[in-house]
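This report describes the overall build of one protein and then turns to selected details of its helices. Please keep the sequence and the structure in view while reading.

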Amino acid sequence: MSFARIANAPAPRLGLGLAAVGRPGYINLGRAADLPADRTVDAMRERAYEVLDAAYGLGVRYLDAARSYGRAEEFLAGWLQRRPDAADQVVIGSKWGYTYVADWRADAEVHEVKDHSTATYDRQIGETRALLGERLDLYQIHSLTPESPALTDRALHDRLADLAADGVKIGFSTSGPAQADTIRAALAITVEGLPLFSSVQSTYNLLEPSAGPALAEAHDAGCTVIVKEGMANGRLAHAEPGSVLGRVAAETGATPDAVALAAVLHRPWADIVLSGAATAAQVAGNLAAATVRLDPDQLARLTGLAGPAAAYWSNRAALPWS
C-alpha cells in the first residue's frame, strides 16, 4: 500500500510511532506514569495493541517501527494478525541501522548500537522480513548524520535500490543538530540516475525547527516528509498556564500536546506527523491536533520558542532512559 492510498484516510496526515511501546525503556518524559508498572513483554504487547487499536480507530493509517524499538516489529506483526480488517488499510514503515541490546531492561547501560554497514542491513532486512513479510511498505536508514558511511557506500545504495525495485519505498531518518545538511546530502544520492530516497523522517518541533527549510526542499523534490518527535520527547506535552504554549492552548481550547502537533501540521511540507503516544488517551489527545487552527499571531508566538539546535540536541542526549 502506498502513501498515496492513505490520502483519503480519516486522519491522513497523522501517524503512530511505536518507540514508546516497543521496549520497556525510552527517553520520553513521564514514562513512569504512562506505562504498566510491570513492563513484561506480555504487558507491553497488550499496551501496544491498545495504542494501535486506538490510533486505527481514530483514523491513523501510517504505522512506524524500527529494529531498535525492542519488540515493536513483533508487536506490530501480532496486531496485524489480530486485526485482518486493518491489515490491508495501513502503511507500514520500519527502520534499520540500530541494534537493540538492552535485553528488555529499562536500566541497561546501553540500549542500542548504531551501525550503518551493509552487513547490518543484510541482517536486519532479513529480521524485518521474517516478522512483517510483504507488509513492509517503507524501509528507512535509522538516524543518518553527515558522517554516516551510508551516505557514500555505493554497495549499500545498490542493495537499497534492489529493495526499491521489489516495491518497498526507501527512506531515511535524521537526528542531531546538522539534520538539514544530512537531508540535502541524502537527496543528492542517485542509483542509475534515479534518486535513491523517496521518504525522509526528521525531528521537527517548536523547540527544534532547524530542519524545516531542508524538509520543504525534500517535499518539493517529491519525497514524503514524516515528522518525528513533534512533542520533543514529552517536553511539550505539558505547559505552565502562563507560558507561551500554555496561553495558546487556553486560547484555542486545546491541550498543549495538540497545539504542539498542530503547529507542525500547519507546515504544508509536513506530509505525516507522528504521535509517539504510550496510552490510548494520549493517542486521542495527540490526534486532536488535526482540528486545532492557529492564527498567524499564535504561530508567530509559538515560533519564538525555538532555540539553538546544538543546545536542543545536547539537552536531548542528557534525557534519562526510564
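## Overall architecture

The secondary structure of this protein, taken from a predicted model, consists of 13 helices and twelve strands. Its radius of gyration is 18 Å, close to the 20 Å that the globule rule gives for 322 residues, so the protein is as compact as a globular protein of that length. The C-alpha trace spans about 55 × 45 × 40 Å along the principal axes.

Of the 322 residues, 56% are buried.

## Helices α7 and α8

Helix α7 covers residues 179–187, and helix α8 covers residues 212–220. The two helices pack with their axes 8 Å apart and at an angle of about 20°. Because angles under 35 degrees count as roughly parallel, α7 and α8 are therefore described as roughly parallel to each other. Their crossing is left-handed.

On the side of α7, the contact is made by A180, I183, R184 and L187. On the side of α8, P213, A214, L215, E217 and A218 take part. The residues of this contact divide into seven nonpolar and two charged, with no polar ones.

When residues up to four places away in sequence are not counted, T182 touches L144, T145, P146 and T174.

## Helices α9 and α12

The crossing of α9 with α12 is left-handed.

Which residues meet in this pair? From α9, V244, L245, V248, E251 and T252 are involved, and they meet Q298, R301 and L302 in α12. This contact is divided into four nonpolar, two polar and two charged residues.

Methods:
Residues numbered from 1 in each chain as written. Predicted model: local features only at pLDDT ≥ 70, side-chain atom pairs only at ≥ 80, totals over all residues. Heavy atoms only, no water. Axes fitted to C-alpha atoms, helices over the stretch in contact; angles between N-to-C directions. Helix = DSSP H or I, 4+ residues; strand = E, 2+ residues; numbered from the N terminus. Parallel < 35°, antiparallel > 145°, perpendicular 65-115°, else oblique. Left-handed = near helix turned anticlockwise from the far one by under 90°. Contact = heavy atoms within 4.5 Å. Nonpolar A, V, L, I, M, F, W, Y, C, P; charged D, E, K, R; others polar. Rg over C-alpha atoms; globule rule 2.2 N^0.38 Å. Buried < 20%, exposed > 50% of the residue type's maximum accessible area, 1.4 Å probe, protein only.
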